[in-house]
Amino acid sequence: LVLTMGRLHPNKGFDVLIEAAALLPDVVVAIAGEGEERAALTGLVEQRGVGERVRFLGWRDDQAGLLAACDLFVCPSRHEPLGNVVLEAWSAARPVVAAASVGPSELIEHGVTGLLVPVDDAHALADAIAALRDDTLRARALAEAGRAAFLRDHAETPVLARWRGFLAEIAR
């Protein structure tokens, strides 16, 4: 089960994930989110014949439960300034595949904390998903390294420490 989350907007690249799903007949994709691209994405799902395997979950408030249920998290965004969804997936110890847009590229160390693929490349995305589907040890290692990066750099304690240091510095 592959999960992605976000506003259904052209920048999010959910169409690329749907195209990748068409190349992976044994993969189910869950898309959590709502937005103006819903009709276009639903049409693409029908056109590609993946309606049995691509589910639109609508807007959800249970991201932790969704992440706990998935095998892999995908961030196919064309434009993603930070990548909060990557941090959420890391916090849940889920392996991540992301398009190499700005935010995910800054966060993910390719091959260590996740896999990066070229933006708008459905074949590369499908290959990365298949690689982790077929190598659960590698997927687990990426998930553990992502979780460690989250705890080291993005959890409450390190973030508050950086803010305290910053405030102390400017107070001087």
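Against which elements do the buried residues of helix 7 pack? In this predicted model, they pack against helix 4 (84-91), strand 6 (115-117) and helix 6 (122-134).

Helix 7 spans residues 136-154 and contains 19 residues. The distance from its first C-alpha to its last is 25 Å, close to the 27 Å expected at 1.5 Å a residue. Within helix 7, the residues Ala-139, Leu-142, Ala-143, Gly-146, Ala-149 and Phe-150 are buried. These residues lie on the same side of helix 7 because they cover an arc of only 125° around the axis. An α-helix has 3.6 residues a turn, so residues three or four places apart point the same way. The other side of helix 7 carries Leu-137, Glu-144 and Arg-152, which are exposed.

The structure holds zero disulfides. Cys-70 takes part in none, and the nearest cysteine sulfur, that of Cys-75, is 13 Å away. For Cys-75, likewise in no disulfide, the nearest cysteine sulfur is that of Cys-70, at 13 Å. A disulfide requires the two sulfur atoms to be within 2.5 Å. Cys-70 counts as buried because its relative accessibility is 4%. Cys-75 is also buried, with a relative accessible area of 2%; the cut-off for buried is under 20%.

Notes: Residues are numbered from 1 along each chain as its sequence is written. This is a predicted model: local features need pLDDT of at least 70, side-chain atom pairs count only at pLDDT 80 or more; totals for chains, interfaces and linings use all residues. Side-chain values use heavy atoms; hydrogens and water are left out. Helices (H or I, at least four residues) and strands (E, at least two) are DSSP runs, numbered from the N terminus. The expected span of a helix is 1.5 Å times one less than its number of residues. Buried means under 20% relative accessible area, exposed over 50%, partly exposed in between (1.4 Å probe, protein chains only). The arc is that of the directions from the helix axis to the C-beta atoms. Contact means heavy atoms within 4.5 Å.
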